[in-house]
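Colleague: I am new to reading models like this one. Could you walk me through it, feature by feature?

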Amino acid sequence: MKYLFQNLLKTIPVLLLITLIVFLLVRVTGDPVSLMLPETATEEERESLREALGFNEPLPVQYFTYLGDLVRGDFGDSFRYNTDAMALVLERLPATFELAFASMIVAILISVPLGILSAVKRNSFFDLFITGGAVLGKAMPSFWLGIMLILFLAVNVQIFPVSGRDGFQHLILPALTLGTGIAAEMTRLIRSSMLEILGQDFIRTARSKGLKEGIVVNKHAFRNALIPVVTIMALQTSTLIGGTLITETVFAWPGLGQLLVQAVNLRDMSVVQAATFLIAIFVIMSNLIADLMYRMLDPRIKYD
Amino acid sequence: MTSISEQTVVITNASYGKRMRKLGIRLLKSKTGLVGLLIVLAVSLMAILAPFIAMYDPAKTDVVHRLLPPFWVDGGSMDYPLGTDNLGRDVLSRIIYGSRISLLVGISSVILAGIIGMFFGLVAGFYGKVWDFIIMRTVDSFLAIPNILFMLIILAVLGPSLSTLILVLGGTSWVVYARMVRSETLSVKERDFVRSARAIGAKDYRIITKYILPNVISSFIVIATLNVASTIILEASLSFLGLGIQSPDVSWGLMLSDGRQYIATSWWVATFPGVAITITVLGVIFLGDWLRDILDPKIKD
């Protein structure tokens, strides 16, 4: 408990710094007023809007007003959609979760069997093939993989739809695109983690007791090998969300990533802010959970 | 005193030469390391010699010859070995020129990030206290925002250009180095040789440059090399999303984004730049993995 509390305290300065970074970024964008008013607006009209919005105040004052708004959950309106920015972001969240979840399943289905196999058959032809494939998966840009999947499985052989979100069929190609990159990383992790565990004494003991190799590998080794893998994967949340930005753009998947890329291109900063905060909080929380999980799964790690 | 230090210099020089020779031998023995080195050399040569080996001006449009397929497909010819894009530009020439941007952006932003990260990492690790707190919380907040999103926002604010792109990539990815350098510094600074240097009155600057830096540098080089790979992918991704390299400059990511619309009819426009990225990144990863095995067996990925 004490540990959790200490870590929660640590996140406060981090969150404050994030608000400062985002605030500075948005304010450097130039004058938001000129984006809000039509080009024909007079200088007086601009000035009065600036005053109404508080842009004539000194920056520190603006920052504190801005913090107050954040605490109340007020991120302003999207000037593109003319609605509350946070509502817009929340509306897109389920689609992104769906994609992220499906990608994780793809990644697990690929990496768990391959990672175990390449560790058990170390230095064999399989191992070489799998590790080679994992490096290749890391080297391929995900958006290119996505385009190639579209080319082969949606254009040449029309099995899957090219883009959009409308049922299970639409989910497969984006999930494969995002999942392959994660699978490449996870396969390497599971392999090296398994190799470490398989060399330990308790595995030798289990084998010398006459247990079947399958039970040794699956029950004794794999469960222990999972501990670092789970932790490191939870720490990849930020990368996973970053991946959705690109994958959603390639497949016109109507999630948070697509909304963000559009908002950035249109300089719709209220939406960018709302989404960035939500993502940052999400990442910080999942890092915390990863840390706690690591401690729970492996009681040997002491609480300090 | 003089003779001792001279001796030391001679000894280190000899062992340095020996070490370099050993490195060379081990590189030749490591097949993937050698492949990596060859790929990186080939791509570098391609970038340097681009004006001599490219058959066409990469930005020259030629609408009559638009969307021609590669030579082995019906309708293609050796005039345009990998075909042409929607504006009739030669895909091969554009790939050759694109290597310049990939390497330039990849290497220079890694150097920039490395310098910033090294500095803050040393300060945080060596001086600790408030500095450590401020720097590490900044690192945490940078890490909480996905780096591609961070870069997109800054590029949207500053407007995309080659130099901004390098600054943004460098300015947001320094945190990885800062974290690594800090933790290495923390462990090195408690070792006996640093304590004894301090005991004889060595100044902070001397301790950092003579004792800490040499012990941190090998992990640093490994991480920097592997980061060139991820930076090349990031540059391509940003250009693909429209906020990186802008036409008429050529980037593999930009070519992919152009080719994507023609994927149903002209697959080659989007396929080959991706192959180029994958091969280059693969080469850098192989080289980095080899460097890691040699320089720093203790870091894992």
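This is a predicted model: local features need pLDDT of at least 70, side-chain atom pairs count only at pLDDT 80 or more; totals for chains, interfaces and linings use all residues.

Colleague: What do contacts say about chain B?

Modeller: Contact means heavy atoms within 4.5 Å. Take the contacts in chain B with a separation of 6 or more: 71% of them join residues 24 or more positions apart.

Colleague: And burial? What share of chain B counts as buried?

Modeller: Buried means under 20% relative accessible area, exposed over 50%, and partly exposed in between (1.4 Å probe, protein chains only). Of the 301 residues of chain B, 52% count as buried. B:Ser30 sits in the loop between H1 and helix H2 (31-48). Its relative accessible area is 19%, so B:Ser30 is buried.

Colleague: Now charges. Which residues form a positive surface patch?

Modeller: Lys and Arg count as positive and Asp and Glu as negative; His and the chain ends are not counted. A patch takes residues with over 30% relative accessible area and no salt bridge; like charges are joined within 9 Å, nonpolar side chains (Val, Leu, Ile, Met, Phe, Trp, Tyr) within 5 Å. Here the patch is B:Lys18, B:Arg21, B:Lys22, B:Arg26 and B:Lys29. B:Lys18 belongs to helix H1 (residues 2-29). B:Lys18 counts as exposed because its relative accessible area is 55%.

Colleague: How many salt bridges does the whole structure hold?

Modeller: A salt bridge is a side-chain nitrogen of Lys or Arg within 4 Å of a carboxyl oxygen of Asp or Glu. Over all chains, the search finds twelve. One of them pairs A:Arg165 with A:Glu98, with the closest N and O atoms 2.6 Å apart. That pair links distant parts of the chain, 67 residues apart: A:Arg165 is in the loop between helices H7 (142-156) and H8 (168-198), A:Glu98 in helix H5 (residues 85-120).

Colleague: Which residue forms a salt bridge with B:Asp132?

Modeller: B:Arg182, with the closest N and O atoms 2.6 Å apart. B:Asp132 lies in helix H5 (residues 129-144) and B:Arg182 in helix H7 of chain B, so the pair ties together parts 50 residues apart in sequence. B:Asp132 counts as buried, because its relative accessibility is 17%. There is also a network of salt bridges linking B:Asp85, B:Arg89, B:Arg94 and B:Asp258.

Colleague: What about B:Lys189: buried or exposed?

Modeller: B:Lys189 is buried, yet has no salt bridge. The nearest side chain of opposite charge, B:Glu190, is 4.7 Å away. B:Glu190 forms a salt bridge with B:Arg195, the closest N and O atoms being 2.8 Å apart. Beyond its neighbours within four places in sequence, B:Lys189 is in contact with B:Gly125, B:Phe126, B:Val194 and B:Ile212.

Methods: Residues are numbered from 1 along each chain as its sequence is written. Chains are lettered from A and ligands numbered from 1 in the order in which they are written. Side-chain values use heavy atoms; hydrogens and water are left out. Accessible areas come from the Shrake-Rupley method with a 1.4 Å probe; for residues, only the protein chains shown count as cover. The place of a charge is taken as NZ of Lys, CZ of Arg, CG of Asp or CD of Glu. Helices (H or I, at least four residues) and strands (E, at least two) are DSSP runs, numbered from the N terminus.
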